[in-house]
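Here is a short report on one protein chain. Keep the sequence and the model side by side while reading.

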Amino acid sequence: MSAYARAYRALTTGRPLQPGEAAQVLAALRTEYGAELATALAAHAKDQYGVAQSDTRADERRKRRAFGAVMRAAKLARDIAASPFRATIPPQTGTNRNDS
């Protein structure tokens, strides 16, 4: 069962989820979303930056570079979605504050 179906079922059954269950469902949703986003980016890159026979070598290099950039972004999206999300705020040191 997909994470979306589990979340929908949990929301519509009326049975409250335990905190651990809710965290697992949300983590599965995030991971599944990252995988779908990475797959969509890869498909877009393949369509957009595929090399045609009429392309010059400069066109091929440009398309290969753009394709690589999109694939790195897809990998980053997949990695971020799979890792546990912990937003951190940098500590305020007070050295750049204006206290006036």
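## Overall make-up

This is a predicted model. The protein chain holds 3 helices and 0 strands. Read from the N terminus, the order of elements is α-α-α.

Of the 100 residues in the protein chain, 16% count as buried. The accessible surface of the chain is about 8100 Å². Carbon and sulfur atoms account for 57% of that surface. Take the contacts between residues at least 6 apart in sequence: 60% of them join residues at least 24 apart.

## Helix α1 against helix α2

Helix α1 spans residues 3-12, and helix α2 spans residues 19-48. The two pack at an angle of about 145°. Their axes lie 8 Å apart. The crossing of α1 past α2 is left-handed. From α1, the contact draws on Ala3, Tyr4, Arg6 and Ala7. From α2, it draws on Gln24, Val25, Ala28, Leu29, Glu32, Tyr33 and Glu36. By type, the residues of this contact divide into 7 nonpolar, 1 polar and 3 charged.

Which residues of α1 are buried? They are Ala3, Ala7 and Ala10. These residues sit on the same side of α1, because they cover an arc of only 65° around the axis. The buried residues of α1 pack against α2. Just after α1 comes Gly14, with a positive phi of about 85°.

Leu41 is placed in helix α2. Its relative accessible area is 25%, so Leu41 is partly exposed; the buried class requires a value under 20%. Neighbours within four places in sequence aside, Leu41 is in contact with Val70, Ala73 and Ala74. The C-alpha atoms of Leu41 and Lys75 are 9.5 Å apart. Along the chain, these two residues are separated by 34 residues.

Gln48 also has its place in helix α2. Is Gln48 partly exposed or exposed? Gln48 counts as partly exposed, because its relative accessibility is 47% and the exposed class requires over 50%. Gln48 and Lys63 are 15 residues apart along the chain, and their C-alpha atoms are separated by 8.5 Å.

## The loop between α2 and α3

Val51 lies in the loop between α2 and α3. Its relative accessibility is 51%, so Val51 counts as exposed; the cut-off for that class is over 50%. Val51 and Arg61 are 10 residues apart along the chain. Their C-alpha atoms are separated by 9.3 Å.

## Lys63 in helix α3

Helix α3 covers residues 57-82, and Lys63 lies in it. Is this lysine, Lys63, buried or exposed? Lys63 is buried, because its relative accessible area is 14% and the limit for buried is under 20%.

What is Lys63 in contact with, once neighbours within four places in sequence are left aside? The partners are Tyr49, Gly50, Ala52 and Asp55. Gln48, in helix α2, has its C-alpha atom 8.5 Å from that of Lys63.

Terms used
Residues are numbered from 1 along each chain as its sequence is written. This is a predicted model: local features need pLDDT of at least 70, side-chain atom pairs count only at pLDDT 80 or more; totals for chains, interfaces and linings use all residues. Side-chain values use heavy atoms; hydrogens and water are left out. Axes are lines fitted to C-alpha atoms, for helices over the stretch in contact, and angles run from 0 to 180 degrees between N-to-C directions. Helices (H or I, at least four residues) and strands (E, at least two) are DSSP runs, numbered from the N terminus. A crossing is left-handed if the near helix is turned anticlockwise from the far one by less than a right angle, and right-handed if clockwise. Contact means heavy atoms within 4.5 Å. Ala, Val, Leu, Ile, Met, Phe, Trp, Tyr, Cys and Pro count as nonpolar, Asp, Glu, Lys and Arg as charged, and the others, Gly among them, as polar. Buried means under 20% relative accessible area, exposed over 50%, partly exposed in between (1.4 Å probe, protein chains only). Accessible areas come from the Shrake-Rupley method with a 1.4 Å probe; for residues, only the protein chains shown count as cover. The arc is that of the directions from the helix axis to the C-beta atoms.
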